[in-house]
Every structure is written in structure tokens, then in C-alpha cells.
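Subject: Structure for your study

Dear colleague,

Please find the structure below. A short account of the findings follows it.

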Amino acid sequence: MTRHFLRDDDITPAEQAEILDLAERLKQDRWAVKPLAGPQTVAVIFDKSSTRTRVSFAVGIADLGGSPLIISTASSQLGGKETPSDTARVLERMVSAIVWRTYGQAGLEEMAAGTTVPVVNALSDDFHPCQLLADLLTIREHKGDLAGLTVTFLGDGASNMAQSYVLAGVTAGMHVRVASPEEFAPAASVVADADRIADSTGGSVTLYTDAAEAAAGADVVVTDTWVSMGKEDEKAHRVATFGAYRVDRELMSLAASDAVFMHCLPADRGYEVTADVIDGEQSIIWDEAENRLHAQKALLVWLLERKDA
Ligand code: CP
Ligand code: NVA
């Protein structure tokens, strides 16, 4: 049955581990997986800007013997004259999978419901699940087994990155802490979904408003921009609100002595993180960026193996 990857909990804990294992193998040997059978064009559509996602999907699809077709929404009919569902009906006649960076989660759901090819969320306002596969791969490399580790996300708890950490982290059996102002807490429905997953994985999700309390003893400290794409009009309010959640040396000193710092990038040095932390020795951001390639190759192979004939 065709599977889609629209949110981090679209895969089970065992499936997440399987994809991460394959990603690890592909990182050790970039050509470990034979080229995908037959002509495999993958459409990669962008409603928002991107560097890492665009490049890692393009390179990863080419590595697998496929052809990436990068589409900018502004120059397509999608979002203007044509619905996600009609677009999907057309694309599925020609491509093997659809990767889409967009705003609302509802559009992704509509596209997935209307097509027989796998649809992958390359970032929406609510989730960034491909980034989380890369982050989990990176944490595994630096810290070993994910289950039982404590990861603290600071800043915009309602953002795609925070909400993906909540879902993907508990799927991996991690203890996920999110520290944010109350008005920027993760959605209650996302926390409830994570709580249900945590029952079977032993993970947990805990919300904080106090940054220091959330950082205490953490194995991994994560942050992201305070002004996600699409939120530019709120910049003044956000900068005024998130100051207490900036990751600086003092905050890092509260985490475990061997804690690592992560950021999906792009970063605003001096806002969500100070330069001495993001460019310091605890930072593993460049491994994290590289791992987009390996994680997404594994995801595509896994999804295409399950695609309806
Ligand atoms: N982290 C990430 O998704 O980066 P891009 O916006 O450059 O794709
Ligand atoms: N939260 C950020 C992630 C960028 C990769 C955004 O949505 O802009």
C-alpha cells in the first residue's frame, strides 16, 4: 500500500528505526542501494525558500539513479489555478513520488488523498519530518541509542521543528522537553498524539515555560529561528517575546557536560542562539545538515519499495 510521510508519526517506531538504519548504511556507503528500478522522476515542489532541502533531495534522488524535477510553485499552476488534488492526479501519471514544501498541512493531506504515489512533507507550518530523520540520525551518531535520551527544544514551541521533535522524539523513545512562552506552546493535539506514542516507546513529552529548568541535564539542546517562513509580519512581537529562550553559554552549561547543540539552519546568530554556541565545540550542525541527504535517500527508498504497483 502506498505510504506517505506527512508527519513524523506516519511511521511506527520500528519503521523509524528501519529508515535510520538504512540511512546509516547509505552514509557509510553512498552507493549501497542499487539504482531505483525503471525511470524514476521525483517532483520536488517549493512554495517557500530552501537551500538544504532542495539540494539534499536533488542530490539524493540523482544518487539513487532517479531524476529530480524541482518545481517552484510560483511558476506552476499549483496554488493559483489548480488544487493540490488535481495537481497530484496529473503528476502521478509521470512521476514516482511527490515532495512538497508548503504552508498548511491540509494541502499535503489533500494531495496525499488524491494520489497513488508517495507524498513527502518537505516542511509545512506544522511539521518538518524529513529534518527530524536527519536530526535523529545525527543524535544516534553522537550519542548512541536514542531511547532514554533527553532532548530540549527552546523557543517557538508551536513551530514545525518543535512539533516534529515532539512526535519524532517520542517515537524514538526519547524524553522531549519543549520550553516556550505559553502562547507559543506546541498544539495540544500534537502533545496528545505524542503521549499516546510515548505509552508504547517509554518516551515522554514535557512542556516548560522556564528555559533553565528545561535545559537542566539535557543530552541534546535544540533551537530554531524565532521567525519561521510565513511569520515575518510577527517578527517584532516574536523577538520581544523569545529573549529568555536564547541558547547561550550559560544555558548550555546547565545541560549535561557532554550535551550537543543542534539547529536545522538557517540560523539568526545573536537571536535564538549566540555565535559562541552555534560555532562552538558542542555544536553538531554541519553533521546535521549533511544527514539530510542520507536520511532522505533512505526515506525515498523505503517509500518507493512500498508504493502500489
Ligand atoms: N533546514 C532546512 O530545511 O533548510 P532549508 O530551508 O535550507 O531547506
Ligand atoms: N522553522 C523554520 C525552519 C526552516 C528550515 C521555518 O519554517 O522557517
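A residue is called buried if 20 or more other C-beta atoms lie within 10 Å of its own, exposed if 12 or fewer do, and partly exposed in between, with C-beta atoms placed from the backbone. This is a predicted model, in which local features need pLDDT of at least 70 and side-chain atom pairs count only at pLDDT 80 or more, while totals for chains, interfaces and linings use all residues. Residues are numbered from 1 along each chain as its sequence is written, and chains are lettered from A and ligands numbered from 1 in the order in which they are written.

Helices (H or I, at least four residues) and strands (E, at least two) are DSSP runs, numbered from the N terminus.

In helix α1 (residues 13-28), the buried residues are Q16, I19, L20, A23 and L26. They fall within an arc of 120° seen down the axis, so they line one face of α1; the arc is that of the directions from the helix axis to the C-beta atoms. A14 and Q28, on the other side of α1, are exposed. An α-helix has 3.6 residues a turn, so residues three or four places apart point the same way.

Strand β9

Strand β9 (residues 260-263) is covered on both faces: V260 and M262 are buried on one side, F261 and H263 on the other. Strand β8 (residues 220-223) pairs with β9 in the parallel sense over four bridges, where pairing requires at least two DSSP bridges. V220 has V260 as its bridge partner in β9.

Which residues are around ligand 1? They are S50, T51, R52, T53, L123, Q131, C264 and L265, each with its C-beta atom, placed from the backbone, within 6 Å of the ligand. Ligand 1 lies between domain 1 (13-128 + 292-307) and domain 2 (131-288), because both give residues to its shell; the domain bounds come from an automatic or database domain assignment.

L123 has a positive phi, near 125°, and is buried, with 25 C-beta neighbours inside 10 Å. L265 also has a positive phi, of about 70°, but L265 is partly exposed, with 16 such neighbours. The peptide bond from L265 to P266 is cis, with omega near 5°.

Yours sincerely
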